[in-house]
Amino acid sequence: VTGEAEYADDIQMPPNGLHAALVLSRKPHARILAIDDSGARSSPGFVDLFLAKDVPCDNKIGPVVADEELFAVEYVTCVGQVIGVVVADTHENAKIAARKVHVEYEELPAILSIQDAINAGSFHPNSEKCLSKGDVDHCFQSGQCDRIIEGEVQIGGQEHFYLEPHTSLIWTVDGGNEVHMISSTQAPQKHQKYVSHVLGLPMSKVVCKTKRIGGGFGGKETRSAFIAAAASVPSYLLNRPVKITLDRDVDMMITGQRHSFLGKYKVGFTNEGRVLALDLEIYNNGGNSLDLSLAVLERAMFHSDNVYEIPNIRIMGRVCFTNFPSNTAFRGFGGPQGMLITENWIQRIAVELKMSPEEIREINFQSEGSVLHYGQKVQHCTLAQLWNELKLSCDFVKSREEVDQFNGHNRWRKRGIAMVPTKFGISFTTKLMNQAGALVHVYTDGTVLVTHGGVEMGQGLHTKVAQIAASAFNIPLSSVFISDTSTDKVPNSSPTAASASSDMYGAAVLDACEQILERMKPIASRHNFNSFAELAIACYAERIDLSAHGFYITPDIGFDWTTGKGIPFRYFTYGAAFAEVEIDTLTGDFHTRVANIFLDLGYSLNPAIDVGQIEGAFIQGLGWVALEELKWGDGAHKWIPSGCLYTCGPGAYKIPSINDVPLKFNVSLLKGHPNVKAIHSSKAVGEPPFFLASAAFFAIKDAIRAARVEMGCNDWFPLDSPATPERIRMACLDEFTSSFVNSDFHPKLSV
């Protein structure tokens, strides 16, 4: 990773430093009978092996519920579970020694899919949730619905594929009395908490620092902490620095992905296309520990209406316990999965009624004052304006005609188009996490040092925060410096996640700046200073405190799961996207010809950063819906060893490349709609655009439909996500496929 910017793995190892490698389970579910470390001990450069019995304090960990073991004691519940940690003189020697630790197992039955979990009743405890509005059963039985459809939607997972893998460098200070670490994490406070818990040290003696990380996307919110905790054991016990850096294949195998989902829907609607009732069951694949899976499920349930007015709605959700590594946060945090299930049945209604999906969407849009299924009222809704501007920009009617004309003239190449809207709720759904701190120092040369609890991971957070401080003091941006994120500067910080960091840390920094400005005011009013530095010197001469701690809490939010009602979100970020794709029906290959995106970001803090975030989110979303497929050793893939991840590197796992960028790619921000509920009238941008890539997914489906119509097949058909070339090819019915598959065939998927 060495370039201009320094990352955790670039930091020079101290001369007595050691490298750590994890000893991992090779079975999805088994009892550990014996551990033979003789091969490892004779391995070159080997220093020591640490197991559960060596943990100084508590071996039980977990971000919400302590249902994980740092090192497995008697049972392993997934391939890749940590059994111990080896330290050696080099990274390679540590890995070689770890592989020589021989573990004897007694294999036990494993649960390897959501359906397996449902059949076996295998759910995480207390993970059942329900949201409802109106009377669903009465609506279905009363004859109000002209039609009722039922179906299932399967949604595959997704690997984060941050460019910098998990890394931590840990060392002791003051003869082992304190522990310091530099980690690649979105949550330094979680590292501090885990390490203090495992070692039995007070949190005040454990410091975690993060300068910047090479991408996170949610994958470094909780799943980085157990890796740091594992490496802290040898560092503390040997009183030597220890570095752990995961290789890409190990990183992909053990640190969890986006949750795969299964949705079972029953929808009632009128012949005009108005949706009257939705009965939905959703399940997510939590893996072998709860981690954040319940919060992910909750957000999926909150977003299961997308932008549609549904008078009667009931959503039941469960988190499945399976024998896979624990799945975790990923950009969108369940929201995209909830909305993708919705858009699937919206598209199916369109087929049933022989209308366009865009018409069905428009008929059912929520509007100002709509009351959502969890009791929150829609305010400052910009959906209609966005939708209409997008329609104008892509000339939808003309595009439809041109695509139909192209399809009429081409047998083996087909084009499709789609327009998809989104709304994304901004706030952590766990109320206590919506708080932020910052520390601002003004120096006598007029420069400003800012430290806040947020982590810079390429999303431009530090730039936005520096802008806010510079504008508050009316000084150049170059006069503001943002220091490392560190637990000894700003305590108890929430993870940098949920798209809310610019809102929260920006407001906390502004609070600190305003405190300092208030103290400066009497001095500033006495004299006309030529520069901010002169003012700072004058204030210092008058013994005025030029340092302040700022704090912000997101106001007017709170949700009660016992009543299923409340205000979980401060506001919504709205967006809409149009996509046109072209597919090759013989190979299933596709490319996105056009993507037009409109997003309402209020008055953007930094349009250049925000447009970059939108483009990045769209491409990452395109990977999720059409390119990236995780293949696990499960019932659908008997050829892969049970519970193992086959796609554990870029050789087998296809992330988007430069060729996947739409040929015409336009991003527009809605003008003239300030957001009264966030700093400087801006809106959050990180996660909301991610789901808009589903426009490409439904455009692919539209192109497949054109191919099927030529074979006389007009019925609705299922298309699982990701719509990989294999899935596209098999869905395009023709004389080649008809001899061995029927019209509702869809290839198996690891969910």
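Predicted model: local features only at pLDDT ≥ 70, side-chain atom pairs only at ≥ 80, totals over all residues.

Student: Which residues of the largest nonpolar core touch the most other members?

Tutor: Y265, V267, I282, W345, I349, I700 and I704 do. That core has 108 residues.

Student: What is W345 in contact with, leaving aside neighbours within four places in sequence?

Tutor: W345 is in contact with I149, Y265, V267, V275, L278 and I310. Y265 and V267 are also on the list of core residues that touch the most other members.

Student: What lies apart from that core?

Tutor: Another core, of 43 residues. Its members include V440, M520, I523 and I544.

Student: Let's take V440. Where does V440 lie?

Tutor: V440 lies in strand β19, residues 435-442.

Student: Buried or exposed?

Tutor: V440 is buried, because its relative accessibility is 0% and the cut-off for buried is under 20%.

Student: And what does V440 touch, not counting residues up to four places away in sequence?

Tutor: V440 touches V448, L449, V450, F473, V509, A512, C513, I516, L546, S547 and A548.

Student: What about V455, where is that?

Tutor: V455 is in the loop between β20 (448-452) and α13 (461-473). V455 also counts as buried, at 0% relative accessibility.

Student: What is V455 in contact with, leaving aside the neighbours within four places in sequence?

Tutor: V455 is in contact with T185, Q186, P188, T210, I213, L461, T485 and T496. Take P188 from that list. The C-alpha atoms of V455 and P188 are separated by 8.4 Å, and the two are 267 residues apart along the chain.

Student: Switching to voids. How many cavities of 30 Å³ or more does the structure hold?

Tutor: There are 6. The largest cavity has a volume of about 110 Å³. The second largest cavity has about 70 Å³ of space.

Student: Which residues line the largest cavity?

Tutor: G157, Q257, R258, S260, N285, F324, P325, N327, L630, W632, S750 and V751. That lining divides into 5 nonpolar, 6 polar and 1 charged.

Student: How does the lining of the second largest cavity divide?

Tutor: Into 6 nonpolar, 3 polar and 3 charged. The second largest cavity is lined by I426, S427, N434, A500, D503, M504, Y552, T554, R570, Y571, K677 and A678.

Student: Cysteines next. How many disulfides does the count come to?

Tutor: The count comes to 0. C145 is in no disulfide, and the nearest cysteine sulfur, that of C139, is 3.8 Å away. The cut-off for a disulfide is within 2.5 Å.

Student: Is C145 buried or exposed?

Tutor: C145 counts as buried, at 11% relative accessibility.

Student: On to the backbone. Which residues does a cis peptide bond join?

Tutor: S721 and P722, with omega about 10°. P722 lies in the loop between α17 (694-710) and α18 (725-731).

Student: What is the phi of D174?

Tutor: D174 has a positive phi of about 55°, although D174 is not a glycine. D174 sits in the loop between β11 (167-173) and β12 (178-183). D174 counts as exposed, at 56% relative accessibility.

Student: And the phi of N492?

Tutor: N492 has a positive phi of about 55°, and N492 is not a glycine. N492 is found in the loop between β22 (485-486) and α14 (501-526). N492 is exposed, with a relative accessible area of 54%.

Student: Last one. Where is the place of G651?

Tutor: G651 is in the loop between α16 (607-627) and β28 (664-669). G651 is exposed, because its relative accessible area is 82% and the cut-off for exposed is over 50%. The C-alpha atoms of G651 and A300 are separated by 31 Å, and the two are 351 residues apart along the chain.

Definitions and conventions. Residues numbered from 1 in each chain as written. Heavy atoms only, no water. Helix = DSSP H or I, 4+ residues; strand = E, 2+ residues; numbered from the N terminus. Buried < 20%, exposed > 50% of the residue type's maximum accessible area, 1.4 Å probe, protein only. 1 Å grid on protein atoms, 1.4 Å probe; cavity = no way out; pocket = protein on both sides within 12 Å on 5 of 7 lines; lining within 4 Å. Points joined across faces, edges and corners; volume = space filled by probe spheres on them. Nonpolar A, V, L, I, M, F, W, Y, C, P; charged D, E, K, R; others polar. Core = buried A, V, L, I, M, F, W, Y, C linked by side-chain atoms within 4.5 Å. Contact = heavy atoms within 4.5 Å.
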